[in-house]
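User: I've got a model open and want to go through it with you. Can you take my questions as they come?

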Amino acid sequence: MPILWDGFKITLLATAIGFLVAAALGLLIAVIRRSGPRWLSMPVHAVSEFVRLTPLVVQLLFVYALFPQFSALSIGVTVLGVHYSSYMAEVYRAGIEAVPKGQWEAAHALSLPQSRTWRAVVLPQVMRNSLPALGNNAVAMFKDTPYLFTISVVELVTAAQTYGASQFAYLEAFTLAGAFFLVASYPTSVLIRQLEKHLAY
């Protein structure tokens, strides 16, 4: 258990920091694509699509080989965040498109600056509508952390594999690792479903 617990803490850390990176970067991408100048929005969209459509494992290995001077964990967290930011950008984009057109027109009629329109009118509604989908992305990221083993990060599954190899008890180790994932993921999934129901009313 101590070995698995240490791996679980790394998994939680990678998920938490990766989610913060993804949420912030995804919002920035969505805003640029919606209101940025064409010379900026087009390359941002192209890069975001490239990141979203290429495998996470390939991105981890590529960045790890490209920047050997950084720690494996910092690279893993960054790549997780950037990878999932492309998905979260789509979530935010859908939330932005869901804001009624009349509210944009009303803000323009009141001569609100664009920054004030986003801050006071658009983003509060976007965040409210996007929360369930952002939560689902967080759970998906949590379940994707085992890919960090490809760059030698000792997260939960790698810790289980190491323990199983040393004690010849792979079944027990991986069963406990699965239990850790279940205990962490299931309550979060239930909470997200309740949030979806609450926001639907």
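**Burial, helix packing and salt bridges**

Analyst: T117 counts as buried, at 7% relative accessibility. Buried means under 20% relative accessible area, exposed means over 50%, and partly exposed is in between, with a 1.4 Å probe and protein chains only.

User: What should I know about the model and its numbering?

Analyst: This is a predicted model, where local features need pLDDT of at least 70, side-chain atom pairs count only at pLDDT 80 or more, and totals for chains, interfaces and linings use all residues. Residues are numbered from 1 along each chain as its sequence is written, and side-chain values use heavy atoms, with hydrogens and water left out.

User: Back to T117. Where is its place, and what is it in contact with, leaving aside neighbours within four places in sequence?

Analyst: T117 sits in helix α6. Helices are DSSP runs of H or I with at least four residues, strands are runs of E with at least two, and both are numbered from the N terminus. Leaving aside neighbours within four places in sequence, T117 is in contact with W104, A107, L112 and V122. Contact means heavy atoms within 4.5 Å.

User: And M141, buried or exposed?

Analyst: M141 is buried, with a relative accessible area of 0%. Its place is also in helix α6, which spans residues 114-144.

User: How far apart are the C-alpha atoms of M141 and L20?

Analyst: They are separated by 11 Å, and the two residues are 121 residues apart along the chain.

User: New topic. How do α2 and α4 cross?

Analyst: Helix α2 is residues 38-53 and helix α4 is residues 72-97. Their axes come within 8 Å and cross at roughly 115°. Axes are lines fitted to C-alpha atoms, for helices over the stretch in contact, and angles run from 0 to 180 degrees between N-to-C directions.

User: Roughly parallel or roughly perpendicular?

Analyst: Roughly perpendicular. Under 35 degrees counts as roughly parallel, over 145 as roughly antiparallel, 65 to 115 as roughly perpendicular, and the rest as oblique.

User: Which residues meet there?

Analyst: From α2, S48, E49, V51 and R52 meet V82, H83, S86, Y87 and E90 of α4. The residues of this contact divide into three nonpolar, three polar and three charged.

User: How many salt bridges does the whole structure have?

Analyst: A search finds four. A salt bridge is a side-chain nitrogen of Lys or Arg within 4 Å of a carboxyl oxygen of Asp or Glu.

User: Which residue does E90 pair with at 2.7 Å?

Analyst: R33, with that value taken between the closest N and O atoms. The pair links distant parts of the chain: E90 is in helix α4, R33 is in helix α1 (residues 2-35), and they are 57 residues apart. R33 is partly exposed, with a relative accessible area of 25%.

User: What about R93 and E90, how far apart are the closest N and O atoms?

Analyst: 3.1 Å, in another salt bridge. Both residues lie in helix α4, three residues apart, about one turn of the helix. R33, E90 and R93 are linked in a network of salt bridges.

User: And E49, which residue is its salt-bridge partner?

Analyst: R52, with the closest N and O atoms 2.8 Å apart. E49 counts as buried at 18% relative accessibility, whereas R52 is partly exposed at 23%.

Terms used:
Ala, Val, Leu, Ile, Met, Phe, Trp, Tyr, Cys and Pro count as nonpolar, Asp, Glu, Lys and Arg as charged, and the others, Gly among them, as polar.
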